[in-house]
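Try each task yourself before you look at the worked solution.

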Amino acid sequence: GFVDARGAIWLPANVAGPGPLRRRAEISELRRSLVEAETARHMAASAAESVRAELEAAERASQQAQEAAVNASREAAEREDAYTAATRRHHRALKEVSDASALLERLAARELSLNESITQIALFITEKETGAVQLESALAESRRSLVETQGRQDEARERKTQSQVASAEAQARLQFAGDRERHLREEYVSANARLESLQSELSTLSEADGELAKQLAGWQLDLEARQATLEDAETRLSNAELAVKTADDALEHAEHSLTELRHRATALSEELHSAELRFTELSGRRHAIRERLETDWKKPLDELMAGAEQIEADDDLLRTEASQLREQLDQLGPVNPLAIEEHEEEQKRLEMLTSQRADLSAARLSLQQAIREIDSTARDLFLTTFVQVRENFRKIFITLFGGGECDLRLENPESPLDGDIEVHAAPRGKKTQRIHLLSSGERALVALSLLFGIFLTKPSPFCLLDEVDAPLDDANIGRFVRMLNEFKANTQFIVITHNPRTTTEAADAVYGVTMQEPGVSSLVSVHMRGAAVEEAIAGTLTADEPAEALTA
C-alpha cells in the first residue's frame, strides 16, 4: 500500500469496492441536485408570490367594493332611522298639542272658580281690616299707660340699687379690716414659733460640730496608719512584679526554642511523606509501563529487553517520530463495516429533513401572508373607525362647548396600529392644547365628547354613566342634558348622579335609596315621564292611586 499527496491510504485488494472517494462523489452529486432543486423552488416561489400579489390586488378591490356597499346600506339605514324618529316626534308633538289644549280648558274653568273665591276672600279681608283698626287704637292707649308705669318702676329700681351698693361697700370694708387683723395675729404667732425653732437648731448644730471634730481627728489617725500599710504593700508588689517579669522572659525564650524545633520536625516529616508519595507514584508508573509493554508486544518485559536492538539516535527524535505515527493512526480511525448502511440511513434522513424544510417554508409563507392580510384588514378597519370617531368627536365637542376646536391625531400615521392616539382640545377662546392642561369640567366634557363619538360609531341599546356630571357647572350641565335628550330616542341611559338638575330635566324615572327610620333603608322610585304621569297631568288620576305621582 501507499499514501498519496492528499493523505489517502491505498491498500492492495483483489476486488474494487465502493470506497470513500466514490461515496464522496455521490454526496457531491446529491448536493448539486439539491442546489438545482432549491433554485427551481425559489423560481416557483417567486412566481407564486407574483400571483399572490395579483390576488391581493383583486381582493383589495373587492373589499373596497364591499365597503362601498356597506356604507351605502348604512346610510340608507340611518336615513330610515331618521325618518322613523321624525315620524315618532311628529306623533308625539300632535299628542302634546292635544294634551295642552285639554289642559288649557281645564285651567280656564279652574281660573273662573278661583276668581270667585278671591272676591269672597277680599270682602272678608275688608271686614277684618276694619276691626283690626279699632283694636290697634285701643292697643296704642294701653301701650302709652304701660310705658309711664314702666318709667316709674325703673326709677324705684335705680334708687334701690344705689342703696344696696352702698351697704355692700361698707360691709366689704369692715370684712377686709377684720381679715387684715386676723392675718397679722397669725403672722406674729408664726414668727415667734420660727424664732424658737431656730434657737434650738443652733444649739443642736453646736453640739454636732464638736462631735464631728472628734470624729475627724480619729479618721485622720486611721488614714495615716492605712497609708503606711499601703506603701509597704506597694513595695512588696513591685518586687513580685519584677520577679514575674523575669520568669515570663525565660518562659517566652523557651517557647520560641520549642516552636523552632517543632517547625523543623514538621518540615522533615513533610519531606519524608512527599518522598514516599513520589516513590509510590514512580512505582505505579513503572508497573503500568511494564504492563502496557507486555500487552502491546505480547511478550514479557525481560524477553523484550533481551531481544531489544540498540539504535544510535537521539531520544527526542525518536519520541517525535513515535508521536507522529500515533497521530496518523488516530486520523485513520477504526474500520467501519456499516458505512454503506449508515450512508443510506443518512440519505433517507436528508430526504425527510428536506421535505420537512419545504413544508416549514410553505407554512412560513402562508403565515406571513395571513399576517399581512390581518394587518391590512385591521389597518383599514381601524382607519375607517378612527375617521368616523374623529368626525363624531368634533360634532359633539362643538355641541357641548358651543364652539371651539378639537382633533384626534395619530402619533405614528405610518403604523397606526402600533402608535398612540393624541387628543387635542381647544374650547372657545383658548389655544389648542392637550387635555391635561384644561380644567376638570372641561376635561370631563372632552371625555364625554370622545365617549359619545365612539358611541355614535358603534351604538348600543344601553349606556351606563357613573358621576360624569360631578365636575360640571350649571351651563355645562344644561348642554349635557340636551345631549342626553338627543340620544335617548335610540338608547336607554342609566345615569348615576347627585345633581338634581340632571335627574329632573333629563330623567324619565328616578331610583334612590332613603332611610325613613334609623337603620332601615328602602328603595324609592319616581316616574318623571310616562303613561301614569301623563294621565296624572291630564286629571284622570283615580281616587285609589297615590297622590305623590301627581306631585312628582
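**Exercise 1. Decide whether S449 is buried or exposed, and list what surrounds it.**

Solution. Start with the cut-offs: buried means under 20% relative accessible area, exposed over 50%, and partly exposed in between (1.4 Å probe, protein chains only). S449 has a relative accessible area of 0%, so it is buried. Next, find its place: S449 belongs to helix α5. Helices (H or I, at least four residues) and strands (E, at least two) are DSSP runs, numbered from the N terminus. Then look for contacts, meaning heavy atoms within 4.5 Å. Setting aside neighbours within four places in sequence, S449 contacts F393, I396, F397 and L400. Finally, compare sequence and space: S449 and F401 are 48 residues apart in sequence, with 9.7 Å from C-alpha to C-alpha.

Before you go on, please note that this is a predicted model: local features need pLDDT of at least 70, side-chain atom pairs count only at pLDDT 80 or more, and totals for chains, interfaces and linings use all residues. Residues are numbered from 1 along each chain as its sequence is written, and side-chain values use heavy atoms, with hydrogens and water left out.

**Exercise 2. Work out the class of E442 and its contacts.**

Solution. E442 also sits in a helix, α5. Its relative accessible area is 15%, so E442 is buried. Leaving out neighbours within four places in sequence, E442 touches F401, P427 and K430.

**Exercise 3. Describe how α5 packs against α6.**

Solution. Take the angle: it is about 10°, and the axes are 12 Å apart. Axes are lines fitted to C-alpha atoms, for helices over the stretch in contact, and angles run from 0 to 180 degrees between N-to-C directions. Now apply the classes: under 35 degrees is roughly parallel, over 145 roughly antiparallel, 65 to 115 roughly perpendicular, and the rest oblique. α5 is therefore roughly parallel to α6. On the α5 side the contact uses L445, L448, F452 and L456, and on the α6 side N476, F480, M483, L484 and F487. Sorted by class, there are eight nonpolar residues, one polar and no charged ones. Here Ala, Val, Leu, Ile, Met, Phe, Trp, Tyr, Cys and Pro count as nonpolar, Asp, Glu, Lys and Arg as charged, and the others, Gly among them, as polar.

**Exercise 4. Find which residues of the largest nonpolar core touch the most other members.**

Solution. A nonpolar core is a set of buried Ala, Val, Leu, Ile, Met, Phe, Trp, Tyr and Cys residues joined through side-chain atoms within 4.5 Å. The largest one holds 31 residues, and V446, L448, F452, L465 and F480 touch the most other members. At least two residues each come from α4, β3 (405-410), β4 (421-426), α5 (440-457), β6 (462-466) and α6. The largest share is that of α4, with seven residues. Now zoom in on F452: apart from residues up to four places away in sequence, F452 touches I396, L465, M483, L484, F487 and F493.
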